[in-house]
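Here is a short tour to read with the model open on your screen. Please take a look at the fold before going on.

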Amino acid sequence: MKLMRYSRKHEPGALSRLGVMVGHNLVADLRAGYALYLVDVVRNPKGRELAAIYMPPYIAQFLHMGEAAWLALGDAFTYLDSLAQNSPGASGLGGEQLFIPLDECRLYAPLRPSKLIAIGRNYPGYTQNPGKQGGKVPAGFIKTLSSITGPGRDILKPRACKELDCETELAIVIGKKCKHVREEDAYDVIAGYTIVNDITARDVGRLEREGGHLFLGKTHDTFAPMGPWMATRDFIPEPMHLRITTRVNGETRQDGNTRDMIWSIPQLVAYMSQITLMPGDVIATGSPGGGGLANPDWLLKAGDVIEAEVEGIGVLRNAVVDEPAA
């Protein structure tokens, strides 16, 4: 399943809600659809109330409810997928349109995690660059929540930045509260996967490293586009064998595969779970070589359109614009 936060394009963000992809690129309203299922099929008179609990507007809220929410999602998806094929114009109990074509939707970043952990230097193509050699443990850092932006939103190029770069990454979504997870149990705590585009101000980062640590070079506003949705774990049976590509204005800038990771998904989860991981937390697993590190002519400028693609999940598109004057 592909879970998303969405609204109609003309609706305010306050009306965004939880949706699931059904049929041929239709987005189904999970709360309204589950309420209809409970009332009309299960004959539960409290269907509206239960649907409001189990199908909240945020994916992290859904994940916090655990197994009961997943069971409800399974019932809702089966019902809505069938209904979309037979009655694509169906309405909910309150007259809501249950199915909206994807191209009529505005999508939001699927997660607002308590932690967005990014992994660096996790592919051989990246560590071949001067000064980028790998270490004895995964190289991790935090990207701030203000750096997260959704699909279709603009990436702001800071006025102080002359060398902007991007890196497509497979991102893990944690599904349950956990700590000290063993490698062999890692997939049990994963809810699904999404795409993170790790935006970097290379020149700002170099200045910061002179002081010892990198911060603003990775965490300016909009420096972590995420989306376009979360693909559930069962939808991605082999996450360690997915093609990763980045295109800028249609030109390929990165082309790699998750099988080349230095630190595998189970190893990353085991290592990072030395701190408590919460439902909805995200671990971006690193990026193959390429981009501006490989070719300075590939550094980003205003007007560039980036397509960050991970096999099996989809394409995350964002454009670059110059940050407006204060």
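Helix H8 (residues 265–272) is mostly covered, with six of its eight residues buried (buried means under 20% relative accessible area, exposed over 50%, partly exposed in between, with a 1.4 Å probe and protein chains only). The buried residues are Ile265, Pro266, Leu268, Val269, Ala270 and Met272. Helices (H or I, at least four residues) and strands (E, at least two) are DSSP runs, numbered from the N terminus. The table gives strands that are included in the cover over the buried residues of H8; contact means heavy atoms within 4.5 Å.

| Strand | Residues |
|---|---|
| S6 | residues 116–120 |
| S7 | residues 139–143 |
| S11 | residues 168–174 |
| S12 | residues 190–197 |
| S17 | residues 282–284 |

This is a predicted model: local features need pLDDT of at least 70, side-chain atom pairs count only at pLDDT 80 or more, and totals for chains, interfaces and linings use all residues. Residues are numbered from 1 along each chain as its sequence is written, and side-chain values use heavy atoms, leaving out hydrogens and water.

Now to a sheet. Five strands form an open sheet in the order S9-S19-S18-S15-S16, with mixed pairing (two strands pair if DSSP finds at least two bridges between them). Strand S9 (154–157) and strand S16 (251–257) are its edge strands, each pairing on one side only. Strand S15 (residues 243–248) pairs with S16 in the antiparallel sense over six bridges, and Val248 stands opposite Glu251 in S16.

Thr222 lies in the loop between helix H7 (216–219) and strand S14 (224–232). Is Thr222 buried or exposed? Thr222 is buried because its relative accessible area is 10%. Leaving aside neighbours within four places in sequence, its contacts include Asp154, Ile155 and Leu156.
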